[in-house]
Amino acid sequence: MKASRANDFVYQAVYRYLTLLIDEAGSSAAVRLPSLRQLADRLNVSISTVQYAYSLLEKEGRVYSIAKSGYYAQALHVMDSPESGSDLLETVYVNARRPGMCVLSADEPASLQPLDSPLLTLERELLRQYPRQPQALVQPCGELELRTVLAARYTSSTANYWRADDVYIGADLRGVLEILISVLELRRATVIVESPCDWVILRLLAAAEVRVIELPLLAGGVIDLQRLESLLKNEPVRLMLLSSVLSMPRGSLIPLSNQQAIAHLLGRHGTWVLENDCYSELHESADAQRLRDWLDPDRLLVFSTFEKFIGAEAPFGILLSRHWRNELQRQFLLRAFRLSPIRQKAVARLLGGGRLDQHLLVLKRMLKERRTQLIELLRERLGDALQIVEPQGGATIWVRSLRPVNMAQVFQRLLRQQIIIAPGELFSLQGLHAHHLRLSPLNHGDHDLASVVGLLGDALRLAPAE
């Protein structure tokens, strides 16, 4: 390991070592891998370095983790049978990592044009400027330079402003949201979410036994104000979770008038708002405003991640909150995320130096070109079978089957043909969106996209009606 450090990042060497262990394990069964501490001691590196290498492998589907047990090499052939009765989301994840699959289920905008190279270049420069810092100087809530840049980026007026002390950085979005659920004491509390909603968020809320009320978006991405007011009057709503600008997976913008009416209604009821800002950097409208611009900043929390527009090298989760400072700091300290200060500084330089904004212009143009290609194929081949929600940004397309079909059978048929889709049921806890799909044009591999659309059409037409 020491020999590799002169010309490489340490986590990359750990990553390569782990891939060797995985390859040696073969595919006969799931094999337990060394713990974070065992591997840190064995390779003479920090635990955070090992944790980061494991997180990269987990995102690639090479390993999986089990709470209080550890990390295991992924034995794909044991878990990938579409008839095994396994959880649908697990089936999507596992099969999406198999070689040769056409993955229409993913939502990875940055994979089209990641900022890995500029980020790592900045990191190399910073490594020369900053000697290795003592562990005691590591800031549990995130590197001050990055928190300062983010506070400035989110500040929009003298009323809607943020300070560095209001910003918290975690290893990933999941960890940050778990802390937030704990701090806000949401277990068994009532939360309203717009629907469809990201499956990661839904699964976390369900795991915490949160009572989730789903409020389906109407045509044009509009929130039904009458239904929302009825819920606020008649339910003990602790919190409402709303998108900032771009409602994903629909890909629609919340109209300005609807934003203002929602903010007024929530303000009258004194309702706390948790704003999902993960996709706001990917909207295409030049004049779109954030929902938070109309909300009471003292009743607002915001979460986001860099991963959607920078890439897997920056998986950090972000939380903005003016309140619960002592408890949030305590929870971040107990979590001991141990993030790389240099990596955080590099991200701060990307944001503060304007490099990210230049990148976003290119990325959004490329995403639109890919989406347009898929939409044209869908309209040409499946115009009589699908209704398409015209996306205003992001990397995916939300569609509805015009004929009520058994979407599970559509999924299984396509899976046998090595095509992965994301059925709409993944985006609801209450059985909504059963006739919807989320599709992405970014990861079809060597498959011809026109042929794939044809197979999707066959699967929809051959599926039994419901």
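**Cysteines, cavities and rings**

The sulfur of Cys-278 lies 10 Å from the closest cysteine sulfur, that of Cys-197, which is too far for a bond. A disulfide here is a pair of cysteine sulfur atoms within 2.5 Å. The structure holds zero disulfides. This is a predicted model, in which local features need pLDDT of at least 70, side-chain atom pairs count only at pLDDT 80 or more, and totals for chains, interfaces and linings use all residues. Residues are numbered from 1 along each chain as its sequence is written, and side-chain values use heavy atoms, with hydrogens and water left out.

Cys-278 counts as buried, at 3% relative accessibility. Cys-102 is buried too, with a relative accessible area of 0%. Buried means under 20% relative accessible area, exposed over 50%, and partly exposed in between (1.4 Å probe, protein chains only).

On a 1 Å grid over the protein atoms alone, a cavity is a set of points where a 1.4 Å probe fits but cannot get out; lining residues have an atom within 4 Å of a point. A volume is the space filled by probe spheres set on the points, with grid points joined across faces, edges and corners. The structure holds two cavities of 30 Å³ or more. Ala, Val, Leu, Ile, Met, Phe, Trp, Tyr, Cys and Pro count as nonpolar, Asp, Glu, Lys and Arg as charged, and the others, Gly among them, as polar.

The second largest cavity holds about 80 Å³ of space. Its lining has 10 nonpolar, no polar and no charged residues. Among them are Leu-177, Ile-181, Ile-201 and Leu-274. Helix H8 (173–183), helix H9 (199–207) and strand S8 (237–243) each supply at least two lining residues. Helices (H or I, at least four residues) and strands (E, at least two) are DSSP runs, numbered from the N terminus.

Now the rings. Rings of Phe, Tyr and Trp (its six-membered ring) pair if their centres lie within 6.5 Å; planes under 30 degrees apart are stacked, over 60 edge-to-face, the rest tilted. The count comes to eight aromatic pairs. Phe-306 and Phe-309 form an edge-to-face pair, 6.4 Å centre to centre with 85° between the planes. Both are buried. Tyr-93, Trp-199, Trp-398 and Phe-427 form one aromatic cluster.

Key: On a 1 Å grid over the protein atoms alone, a cavity is a set of points where a 1.4 Å probe fits but cannot get out, and a pocket is an open set with protein on both sides within 12 Å along at least five of seven lines; lining residues have an atom within 4 Å of a point.
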